[in-house]
Amino acid sequence: MKRNATIAAIGAGALLLSACGGGDDDGDGDKVEVFTWWAEGTELEGLEAMVDVFDEQHPDIEFVNAAVAGGAGSQAKDLLQTRLQSGEPPDTFQAHAGAELQDYINADQVEDVSDLYEEFGLDEAFPDDLIELLTVDDAIYSIPSNIHRSNVVWANPEVLEDAGIDPDEVPADIDEWIEDLEKIDSNGDTALSVGEPWTQVHLLETILMADLDADAYDGLWDGSTDWSSPEVTQAFEHFETLMGFTNDDRDGLDWPDATQLVVDGSAGYNVMGDWAIESFNENDMERGEDFIDFPTPGSEDVFGFLADSFTLPDGAPHPDGAKAWLETISSEDGQTEFSKAKGSIPARTDADPDDFPEYQQDAMESFAEDTTVSSLAHGAATPAATLSNIEDAVSKYTTGAADLDELQQTVGDAVAGD
Ligand code: GAL
């Protein structure tokens, strides 16, 4: 491929540059090893759309894909930690904007990239509250590539109609939704599909968004909402009821498998972030006809926020390659092409909605108008260690090793750091 020839041709030059203190330091040419969990299926297609833009913008830099499969980084994050701790960081890695970054910052594993914000004009391109979320003690440690929404229900209208549910009548809250779930369940179909523990946490967070108002939901993370309050208890009871409608093989399924059950008409509903729309798109299903989507009932004025972002790790072997990648993922073209393929919306405010499919146009509108709250399952609300404790607690509960009271107590304690 053109790349190898280019790499060979510039290899000597790179060596020379590094000897002079510029360029990359291992003399093996200009490249960038990019670590993500976008390894398969529609997520890989999203990454490839970004790489196409990267290749156009930086034709002399080789993209090296270090993706590790597993939704929400379920496998990638541990491997990344091992690499960071043994001093073998990739050139850049995917991390969620918000509390998740704190761990890397505290461990001095990522560098301040605020000078790149200035260089690339990102202070103006990104919304102020996103920059605020990313700023820690006047420094910024990552650059967002896109924004996803977590609180979305995906449904198969045929399954709903078979159970006597009018797909146009979206339930107003979780209690109304439970009535519909019961109808599908009595009709013999899986009412709600879910997958392995992180997707169960994802379901739980959207129930909390539905049952608590935005202030109370935010308060869960800063200590101002009591985890044993009646509203929170109600949300956990709803979680129990909803889990009762789910598929038994859930712990062996990643998100694409769980969403696929709705695509295939084997389940009525699935709750998943809006990357799931690509599972319907790739099957040529038409939104509003072959599938429908709506915010988790009771959370329609809330945008469950998460953003993928990329870092410059301390000791990255190819910092120039990493900077080139950061330039592409923050550029208008990079953000537009990636989000078109991934179901997300650009973090930049200057993207043109007309360039996007209808779903993303709607999501852009809600992001601008709704109240934004932080996703738990995708690193915006809590540090990684807290999320991992919550995942363990949810898994203990859904496999029958703990009861609902214990779950509620343990999740509250995990957030409080007890
Ligand atoms: C999220 C990530 C999304 C998507 C999803 C499923 O954590 O932010 O971009 O990849 O996981 O793997």
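Tutor: On a 1 Å grid over the protein atoms alone, a pocket is an open set of points with protein on both sides within 12 Å along at least five of seven lines, whereas a cavity is a set of points where a 1.4 Å probe fits but cannot get out; a lining residue has an atom within 4 Å of a point. Points are joined across faces, edges and corners, and the volume is the space filled by probe spheres set on them. The model is predicted, so that local features need pLDDT of at least 70 and side-chain atom pairs count only at pLDDT 80 or more, while totals for chains, interfaces and linings use all residues. Residues are numbered from 1 along each chain as its sequence is written, and side-chain values use heavy atoms, with hydrogens and water left out.

The domain assignment, automatic or from a database, gives domain 1 (12-145 + 310-368) and domain 2 (152-298 + 383-416). Their centres, taken over C-alpha atoms, are separated by 29 Å. To the contact between them (heavy atoms within 4.5 Å), domain 1 supplies 19 residues and domain 2 supplies 17 residues.

The largest pocket holds about 510 Å³ of space. It is lined by 20 residues, and Ser74, Lys77, Asp78, Ser388 and Glu391 are the closest to its centre. Two or more lining residues come from each of helix H3 (76-85), helix H4 (100-106), helix H10 (197-211) and helix H18 (384-398); helices (H or I, at least four residues) and strands (E, at least two) are DSSP runs numbered from the N terminus. H18 has the largest share of this lining, six residues. By residue class, the lining divides into eight nonpolar, six polar and six charged; here Ala, Val, Leu, Ile, Met, Phe, Trp, Tyr, Cys and Pro count as nonpolar, Asp, Glu, Lys and Arg as charged, and the others, Gly among them, as polar. At least three residues of the lining are drawn from each of domain 1 and domain 2.

The second largest pocket has a volume of about 350 Å³. Its lining comprises 16 residues, of which Leu133, Phe305, Thr372, Val373 and Ser374 are the closest to the centre. The elements giving two or more residues to this lining are helix H7 (128-134), H11 and strand E12 (371-374), and H7 gives the most, with four residues. Ten of the lining residues are nonpolar, two polar and four charged. For this pocket, too, domain 1 and domain 2 each provide at least three residues of the lining.

The structure holds one cavity of 30 Å³ or more, and the volume of the largest cavity is about 90 Å³. Among the 15 residues that line it, Trp37, Glu43, Trp275, Lys342 and His378 lie nearest its centre. Strand E3 (92-96) and strand E11 (302-310) are the elements that give two or more residues to that lining, which divides into seven nonpolar, five polar and three charged residues. Because domain 1 and domain 2 both give residues to the lining, the largest cavity lies between them.

Individual positions complete the account. Asn151 occupies the loop between strand E6 (143-149) and strand E7 (152-155). With a relative accessible area of 0%, Asn151 is buried; buried means under 20%, exposed over 50% and partly exposed in between, with a 1.4 Å probe and protein chains only. Its side chain makes a polar contact of 3.1 Å with the side chain of Arg149. Such a contact is a pair of N or O atoms within 3.5 Å; within protein, one must be able to donate a hydrogen and the other to accept it, and residues adjacent in sequence count only if both atoms are side-chain atoms. Not counting residues up to four places away in sequence, Asn151 touches, among others, Thr206, Met209, Phe294 and Phe303.

Thr225 is found in the loop between helix H11 (214-222) and helix H12 (230-243). Thr225 is also buried, at 13% relative accessible area. A polar atom of its side chain lies 2.6 Å from the backbone oxygen of Ala216. Beyond its neighbours within four places in sequence, the contacts of Thr225 include Leu212, Asp215, Gly219 and Val232.

Gly223 is found in the loop between H11 and H12, yet Gly223 counts as exposed, at 62% relative accessibility.
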